[in-house]
Amino acid sequence: MSWTSERYQKIVEWVNKHEYENFIDEDEIHSILEKTKNASKEEVRAIIAKAKQNASNGAMLSPYETAVLLNNSHDELWEEIFDAATWVKTEVYGDRMVLFSPLYISSPCVNNCKYCGFAESNTEHNKKILREEELKNEVTSMLDMGQKRLVAVYGEHPKSDHNFIAQSVRTIYGVKKGNLSMRRVNINAAPLFEDEYKIVHNEGIGTFQVFQETYHRQTYKENHPENTLKGIYDWRVFALHRALKAGLDDVAIGALLGLYDYKFEILGLLFHAMSLEKYFGIGPHTISFPRIKKASGANNDDMPYALDDDEFLRAIAIIRLMCPFTGTILTAREEPELRNKAIQRCGISQMDAGTNIEIGGYSKDNKIDELNKQQFQIGDHRCIDEFVINVMKKDRIPSFCTSCYREGRTGDHFMPYAKNAKIKYLCLPNAILTLKEYLLDYGSEEARNLGENVIIPKYLKELEQNLPHIAEKVRTLITAMENGERDCHL
């Protein structure tokens, strides 16, 4: 209680004197949504065309243009929107699909979010923080299933503060199994002060995620009690401004769709990206759009703003057109069938695979879901190998790439590659190399047959046609991997 009350007061002091301009004007957002309800086919098509042009010039759609797409009433144009989303993603990032896995490290939390299994008042939830040896076991289990990149997830609590986060990142990077190790740790945690961000950043993290959940102030207030740390809207909405000011390279935004009108939330995400661009010259590295799901101790079944699957898929495609240079993440909250549709139609660039969100779940013999040990219910239980095969069957190439982080292509060094549609020339060769490594060390017979005989030859041929000197390097590195080398990247 002392830690919480002292932190609460410190947060209030920051909010009262912060330097940033409020970027969410609710009246403006509602006005934009109202004005764009009856756009013509010609106007919708013009905006689709502009979004495709933006793929190589680094621009985002305006809020008005995005709202026109959100309000599209011409059924026959939705396929054009989906086609454009797929085209834009391919133009920027190529056909690769980056795979990661979440690692939940702590669940105790001082907040009382109404939709979350981690809520402090939830007596049904089995709260746990991984001890160092348990954390090592989890990382070892993730390495055993072929994962090289993860996002570490923490509840907001004095026992899992910034120092704990930093120590856990050191522990994760320190786990070695032969010549294998976890190559990149991204973070999903509560907002921090600038000095705290610096301590975490010094451990070599990748992207720092803070999701606003909802940009609508009244809905935010209803779901996050005012006497909690998370109940302070302005503290959270400027969390990533503080992170970038503290020197972090990459940040990620997100909204929990289903709390409020998803069209409002998508414009909120856009205004958030625009504000980061205004102050720091870079947008979010990724955008996430989880849908609210069942959680222990929470009544998430009757949600008036819940999206059906068709609305959700349309929303994802529009987010891709809205911010073409930004990675988009669709998580294992969703069922395999919907995720498969999103791969093919919505321009998704990242997905989690082999997901287990129980604290200590990866190293457990019993993999059965226990909702009282998870933050929410997940929908996709496929192992990494199943997911890799599925991606390849969709004629995409799975990627475990972490090369940009380790080669310094982050922040304002990464964005020019993405904004000018040049990053794909690094994404594809590194996707080939990381897939080859996965197939050598972990792939099932089906995965190896498909990867070695279809997918890798297809994309090597594409490289040879467009970048023959890079293709030659990739072939040399593939031979090196077949002779025992690992972690080959460009």
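Where does Ala-421 lie? In this predicted model, Ala-421 sits in the loop between helix H17 (411-419) and helix H18 (424-441).

**Two residues with positive phi**

Most residues other than glycine have a negative phi. Ala-421 has a positive one, near 55 degrees. With a relative accessibility of 4%, Ala-421 counts as buried, because the cut-off for buried is under 20%.

Asp-395 is another non-glycine residue with a positive phi, here about 65 degrees. Look for Asp-395 in the loop between helix H15 (384-393) and strand S11 (397-399). Its relative accessibility is 36%, so Asp-395 is classed as partly exposed.

**Salt bridges**

Side chains of opposite charge can pair when their charged atoms come close. How many salt bridges does the count come to? The total is 37, and the table lists some of them.

| Pair | Closest N to O distance |
|---|---|
| Glu-80 and Arg-45 | 2.8 Å |
| Asp-487 and Arg-183 | 3.6 Å |

Glu-80 and Arg-45 come to 2.8 Å between their closest N and O atoms. Glu-80 belongs to helix H5 (residues 78-93) and Arg-45 to helix H3 (residues 41-54), so this bridge ties together parts that are 35 residues apart in sequence. Glu-80 is partly exposed at 29% relative accessibility, and Arg-45 is partly exposed with a relative accessible area of 37%.

Asp-487 counts as partly exposed at 29% relative accessibility, whereas Arg-183 counts as buried at 9%. Through shared partners, salt bridges join Arg-183 and Asp-487 with Arg-406 and Glu-437 in one network.

**Two helix contacts**

Now to the helices. The axes of helix H6 (residues 132-144) and helix H7 (residues 162-174) come within 9 Å, crossing at roughly 45 degrees. H6 and H7 are therefore oblique to each other, and H6 passes H7 in a right-handed crossing. On the H6 side the contact is made by Glu-132, Leu-135, Lys-136 and Val-139, and on the H7 side by Gln-167, Ser-168, Thr-171 and Ile-172. By class, the residues of this contact divide into three nonpolar, three polar and two charged.

How are H4 and H13 oriented, roughly parallel or roughly antiparallel to each other? The axes of helix H4 (residues 63-70) and helix H13 (residues 309-322) cross at roughly 155 degrees and come within 10 Å. Angles over 145 degrees count as roughly antiparallel, so H4 and H13 are roughly antiparallel to each other. Their crossing is right-handed. Thr-66, Leu-69 and Leu-70 of H4 meet Ile-318, Leu-321 and Met-322 of H13. The contact of H4 with H13 has five nonpolar residues, one polar residue and no charged residues.

Key:
Residues are numbered from 1 along each chain as its sequence is written. This is a predicted model: local features need pLDDT of at least 70, side-chain atom pairs count only at pLDDT 80 or more; totals for chains, interfaces and linings use all residues. Side-chain values use heavy atoms; hydrogens and water are left out. A salt bridge is a side-chain nitrogen of Lys or Arg within 4 Å of a carboxyl oxygen of Asp or Glu. Helices (H or I, at least four residues) and strands (E, at least two) are DSSP runs, numbered from the N terminus. Buried means under 20% relative accessible area, exposed over 50%, partly exposed in between (1.4 Å probe, protein chains only). Axes are lines fitted to C-alpha atoms, for helices over the stretch in contact, and angles run from 0 to 180 degrees between N-to-C directions. Angles under 35 degrees count as roughly parallel, over 145 as roughly antiparallel, 65 to 115 as roughly perpendicular and the rest as oblique. A crossing is left-handed if the near helix is turned anticlockwise from the far one by less than a right angle, and right-handed if clockwise. Contact means heavy atoms within 4.5 Å. Ala, Val, Leu, Ile, Met, Phe, Trp, Tyr, Cys and Pro count as nonpolar, Asp, Glu, Lys and Arg as charged, and the others, Gly among them, as polar.
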